[in-house]
Amino acid sequence: MGISVDTPVQFLKGVGPRLGEVLHKRGISTVEDLLHWFPRTYEDRRAARSIGSLAPEQVVSLAAEVVGVRSMTLGRSKRRMYEIIVADKSGRIACKFFRVPYKGYFERFQPQDKVRVAGKVTEYRGRMEFHHPDVHHLREDEETADTLIPLYTETEGLSPAKLRKIIDTALSGIFSPELTTPAKPAGQSPYSQSKSPGRGQFAPKPDRQLVEPLPAWVCQQYQLPQLPQALREIHQPPPQTADLFLKFQAPAQRRVIFEEFFWLELLLAQRRAGVEREQAPSLKGQQELVHRLIASLEFQLTGAQKKAWAEVVQDVAKPHPMHRLVQGDVGSGKTMVALLAAVYAAENGYQTSLMVPTEILAEQHFQNAQRRLSPLGVRVALLTGQMKPSERQEVYQRLESGEIQLVIGTHALIQAEVKFKNLALVIIDEQHRFGVGQRLSLKEKGLSPHFLVMTATPIPRSLAMTVYGDLDVSIIDELPAGRQQITTRVTYQSKHPQVWDFVEKQILSGRQAYVVYPLVEESEKIDLKNAVEEFDKLKGRFPKFRLGLLHGRMKPVEKEAVMTQFRQGELDILVSTTVIEVGVDVPNANVMVIEHAERFGLSQLHQLRGRVGRGAFKSYCVLVLGYAVSEESRQRAEIMEKTADGFRIAEADLELRGPGEFLGTRQSGLPGFKMANLVRDLGILQQARQAAFKMIADDPQMNHPENQRVWQLLAAKQSAVVG
Ligand code: ADP
Ligand code: MG
């Protein structure tokens with residue numbers, strides 16, 4: 001039978017309707033889908049191992065017998081861990097699972113079952129164990145070849161051996177000589193046409209063959225093997241390159257990873273080129289108001305702020321929209337750059353919209369902008385979802401009439417009711433808290449306004465090239481002069497008395513402190529300190545001090561009242577949940593105590609720590625770990641002790657948590673890569689980006705005949721890549 005990439009999987013030999021359904025559930029309908037289901041990793045069968053001989057960090061495969069399966073809760077939290085204990089003649093080892101691969105997975109394993117375990121050996125408290133290894137029953141038909149075996153994601157109802165067989169069938173079909181005269185399979189996929197399959201609806205498509213989609217010059221310049229060969233090798237790795245495959249450095253893997261990055265970068269390059277064709281108001285002039293603002297400041301701009309500002313001025317003078325990301329560590333003074341830009345737009349006769357992720361931050365920016373810009377005669381307004389409808393109506397009206405020159409707000413700014421008279425500049429603060437979709441919809445409010453985004457989460461280079469790959473970047477890599485270093489210490493709950501004594505001393509010398517808890521309510525049933533309860537306890541510990549409580553369930557007016565008190569020094573200690581994570585700026589506060597620090601991501605800890613060290617006072621950050629924290633959590637916290645460099649922390653965080661979690665669920669702009677890994681494959685990403693941007697630069701109108709196929713493919717992928 002002839003097989004093309006469009007052949008439905010259930011027409012493959014050995015796949016019936018039942019397996020077809022199993023595959024379909026995993027998103028695999030055609031041979032093409034199947035061949036793009038890549039192995040998670042490979043099992044190295046070249047050297048048989050015994051449990052007694054294992055050493056940390058080895059990637060191994062071994063045959064063993066199940067001794068038992070058990071589950072337990074981790075510490076006092078609700079999270080469960082599963083363990084499959086296996087043994088051979090030389091010893092026993094635990095296979096630990098912190099997530100359940102699928103429902104019923106652990107029920108499959110009974111004592112005395114013969115299994116194969118493959119994975120990386122980890123040392124934990126002096127013992128060897130596996131974390132999330134591949135475990136499957138040894139089978140009669142199991143491959144015995146002395147080679148690399150691809151391991152795919154575990155799927156219920158589909159054994160690994162069966163899956164490998166189906167893929168082999170597909171590959172030999174694809175590579176068979178019959179290919180030149182492919183026969184159409186009898187019948188149609190039950191999935192491709194589910195609605196009223198009337199006669200004549202199935203115009204047969206010409207069979208697409210497995211061909212190289214990348215332009216020839218790209219494959220040549222970057223020495224990439226052709227797709228068909230690459231796919232074959234990925235599923236059937238040649239023994240002589242086994243070591244490369246284990247490290248995901250084989251040419252075949254490089255080829256696939258390159259392509260995944262290439263489409264994304266091509267899209268970014270295309271978007272970028274599109275921006276350069278748009279028209280935007282060109283902002284020019286003497287910067288008279290801007291200079292008056294600078295002269296009114298109680299400080300000098302840092303060199304890095306001046307440089308970023310100069311870059312903005314250059315961008316907005318052009319007739320097409322600026323798309324610039326200002327990256328600067330917490331406390332580096334990004335807000336100032338935003339205000340300069342807003343003032344510049346105002347003196348050119350245009351409006352600016354500044355969007356921030358939280359009400360607290362909106363209010364803070366609004367007060368700051370009021371104080372600094374009103375004396376210059378620039379009219380500023382606040383717009384948040386929590387304002388009374390009548391107040392909002394009024395702001396809408398003043399925006400539409402053009403009276404308001406700078407509006408500061410939350411998501412409320414992207415509501416349909418918000419109309420501008422002449423919006424020229426959109427600024428988004430703390431961009432990492434927003435999704436890409438929001439970035440675009442806000443932009444649609446004006447006629448291609450200039451666009452300035454700011455983020456305090458230093459973004460590892462790989463993410464800057466993907467998520468923000470269509471933006472120019474300014475980096476504020478200098479903190480204002482006179483800033484004190486922040487001393488960070490990791491400690492345990494048992495040391496609370498000492499921590500509170502320390503806080504007391506600081507407050508007695510005139511400072512203020514934050515105490516942060518991860519959650520608000522016990523209702524989550526997770527054994528975390530409850531900010532409300534702890535607040536009462538702390539009041540008992542500090543009877544003479546003024547304490548305030550801030551959490552996400554409070555009404556906005558209440559939150560703002562507490563924030564204002566703290567800002568004005570009327571509170572000594574602010575007990576809070578993470579609502580203060582971004583942006584909050586109270587220079588007199590110099591102690592940050594973070595309870596259950598193990599619950600926070602590194603970047604989040606860095607953000608929280610950035611709430612102190614904002615004035616002239618020596619500042620401190622105390623990370624208090626709960627009982628029963630894992631070794632890994634402790635090591636993570638200790639990274640915070642060692643470095644204050646946001647970029648290094650971000651890299652470490654990306655490595656530990658992966659891009660999805662690093663960016664948070666709200667960041668929808670990142671495609672799910674099948675093989676590419678942003679941490680591991682930075683070099684390939686750089687090459688793919690270079691190739692894609694060159695392609696657009698050489699053919700900006702996208703009309704060179706030899707590129708047509710690539711543009712068509714890109715259009716088809718567009719919806720799948722970036723939303
Ligand atoms: P971030 O970059 O984290 O948003 P902010 O813009 O909130 O930082 O600035 C932090 C603090 O530093 C603010 O109180 C701000 O007024 C102050 N600041 C900004 N620029 C300077 C400067 N050049 N010199 C001294 N202080 C500055
Ligand atoms: Mg800020």
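Predicted model: local features only at pLDDT ≥ 70, side-chain atom pairs only at ≥ 80, totals over all residues.
## The shell around ligand 1

Ligand 1 has 17 residues around it. The closest are Gly 331, Lys 334, Thr 335, Arg 483 and Asp 585. Sorted by class, the shell holds 4 nonpolar, 7 polar and 6 charged residues.

At Gln 300, a backbone N or O atom sits 2.7 Å from a nitrogen atom of ligand 1. At Ser 332, a polar backbone atom is 3.3 Å from an oxygen atom of ligand 1. Thr 335 uses its side chain: a polar atom there lies 2.7 Å from a ligand oxygen atom. Taken alone, ligand 1 exposes 560 Å², and the protein buries 87% of that.

## Phe 673 in its loop

Phe 673 belongs to the loop between helix H20 (646-663) and helix H21 (682-698). Beyond its neighbours within four places in sequence, Phe 673 contacts Glu 260, Phe 261, Leu 264 and Leu 678.

Glu 260 is 413 residues away from Phe 673 in sequence. In space, their C-alpha atoms are 6.7 Å apart.

## The buried face of helix H5

Helix H5 spans residues 227-235. Its buried residues are Leu 227, Pro 228, Ala 230, Leu 231, Ile 234 and His 235. Viewed down the axis of H5, these residues fall within an arc of 165 degrees, so they line one face of the helix. In general, an α-helix has 3.6 residues a turn, so residues three or four places apart point the same way.

Several elements cover the buried residues of H5. Among them are helix H2 (31-35), strand S1 (41-44), strand S8 (148-151) and helix H3 (160-175). Helix H6 (242-246) and helix H7 (251-277) are also included.

Technical notes:
Residues numbered from 1 in each chain as written. Chains lettered and ligands numbered in written order. Heavy atoms only, no water. Near = heavy atom within 4 Å. Polar contact = N/O pair within 3.5 Å; in protein donor to acceptor, adjacent residues only side chain to side chain. Areas by Shrake-Rupley, 256 points an atom, 1.4 Å probe, with all protein chains shown as cover. Nonpolar A, V, L, I, M, F, W, Y, C, P; charged D, E, K, R; others polar. Helix = DSSP H or I, 4+ residues; strand = E, 2+ residues; numbered from the N terminus. Contact = heavy atoms within 4.5 Å. Buried < 20%, exposed > 50% of the residue type's maximum accessible area, 1.4 Å probe, protein only. Arc of directions from axis to C-beta.
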